[in-house]
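Please consult the sequence and the structure while reading.

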Amino acid sequence: MPSGSARKKIVIFIVGPTAIGKTRLAIKLSKRIKGEIISADSMQVYKYMRILSQAPDASGKKAVRHYLTGSLDPRKEYNVALFRDKASEIIDSLGRRGIMPVVVGGSGLYVRALVDGLFPSEAADPGFRKKMYAFASRYGSAKLHRKLSAIDPRAAELIHPNDARRIIRALEIHRSAGRTMTELKKSTRGLKDKYDIRIFGLTRPRAEIYYDIEKRVDRMFDAGVIGEVKKLSGKRLSRTAKAVLGYKEIAGYLKGKCGLEAAKDEMKVNTRHFAKRQLSWFRPDKRIRWFDVSKMSEKKIIDRIMKEIK
RNA sequence: GCCGAGGUAGCUCAGUGGUAGAGCGCUGCCCUGAAAAGGCAGGCGUGGCAAGUUCGAUUCUUGCCCUCGGCA
């Protein structure tokens with residue numbers, strides 16, 4: 001602990017793969033420390049998607065104040081920068097009120113953007129992107145990649161020639177900022193400069209995660225996801241909202257493209273893939289203190305976290 | 001019981017007289033304004049079982065077992 005000058009305020013993070021129990025644990029922990037929850041989740045922000053996004057229910061939100069859940073209209077886009085701006089604002093204001101923020105989420109990028117920062121850059125330019133994607137599908141993304149090599153060789157090295165999305169974003173940044181992504185990265189600043197960041201990760205053996213995912217998908221159907229998707233499909237969903245796991249699978253079933261079981265199975269597979277990607281995102285981050293929920297009870301994990309933040 | 005088709009990767013299936021391949025799954029990785037998104041890499045195998053022909057059989061032959069369809 002730093003002595004002398006005022007101690008940095010603590011911000012707690014709870015991360016881990018989907019279906020591991022982050023939401024529940026965070027609510028219990030927050031109740032005990034009188035903290036408030038900020039959701040680092042690209043889907044739980046949306047309204048009318050509670051089942052799909054597995055957002056906390058009314059009783060959970062009643063027990064602990066939540067931010068950035070169930071509030072955004074699904075016709076609106078959401079993205080890391082928006083999240084980062086809102087979340088850091090909320091954290092600052094909680095800090096002023098002496099309330100400990102508990103950031104909960106499985107979106108690795110969102111967590112990193114908040115903790116380590118985003119480099120300053122302009123927002124997306126849809127017109128430019130549209131043109132670039134058209135170019136890529138006509139001449140191949142490798143051709144765009146060569147363009148990127150010429151202006152930002154370091155970025156080109158890090159981005160695969162097939163990864164059109166990232167190539168185009170790097171070009172877009174250079175076009176709007178007049179400086180390269182590599183250059184801009186140097187001025188990245190995040191929450192960690194101002195706060196004492198404590199990241200706790202929940203995990204468990206892979207087979208158990210997969211089993212829980214299957215059970216959870218089944219429960220989502222029992223809870224009425226199909227009805228939720230039906231209602232959503234009447235709206236003009238934003239591209240981001242549409243990407244929620246289960247939407248395209250169930251919408252496909254509703255359109256008669258596949259049977260119910262096939263839709264369910266596809267949703268399970270895609271959710272497994274998602275969990276896998278989350279794990280490989282978080283794994284290399286040495287700041288994360290991991291707890292295996294198959295070996296330790298929820299209560300014990302909370303006790304340990306409480307001890308560590310004392 | 002007879003006729004036909006077929007048994008090759010976890011699944012669906014290609015292919016070949018010189019010990020095997022694709023898609024999906026699975027595993028690992030990358031990731032900065034779409035991230036529940038996007039991208040990359042890796043074959044993980046008792047070729048149903050047994051015998052025969054052959055320098056060599058997953059491939060050809062025979063027998064057996066099993067599956068599917070049709071006829072009874």
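Q: Is K28 buried, partly exposed or exposed?
A: This is a predicted model, in which local features need pLDDT of at least 70, side-chain atom pairs count only at pLDDT 80 or more, and totals for chains, interfaces and linings use all residues. Residues are numbered from 1 along each chain as its sequence is written, chains are lettered from A and ligands numbered from 1 in the order in which they are written, and side-chain values use heavy atoms, without hydrogens and water. Buried means under 20% relative accessible area, exposed over 50%, and partly exposed in between (1.4 Å probe, protein chains only). The relative accessibility of K28 is 39%, so K28 is partly exposed.

Q: Which residue forms a salt bridge with K28?
A: A salt bridge is a side-chain nitrogen of Lys or Arg within 4 Å of a carboxyl oxygen of Asp or Glu. For K28, the closest N and O atoms of the pair are 2.6 Å apart, and the partner is E298.

Q: How many residues apart are E298 and K28?
A: Helices (H or I, at least four residues) and strands (E, at least two) are DSSP runs, numbered from the N terminus. E298 belongs to helix α16 and K28 to helix α1, and the pair links parts of the chain that are distant, 270 residues apart.

Q: Is D116 buried or exposed?
A: D116 forms a salt bridge with K192, at 3.1 Å from N to O. The relative accessible area of D116 is 16%, so D116 is buried.
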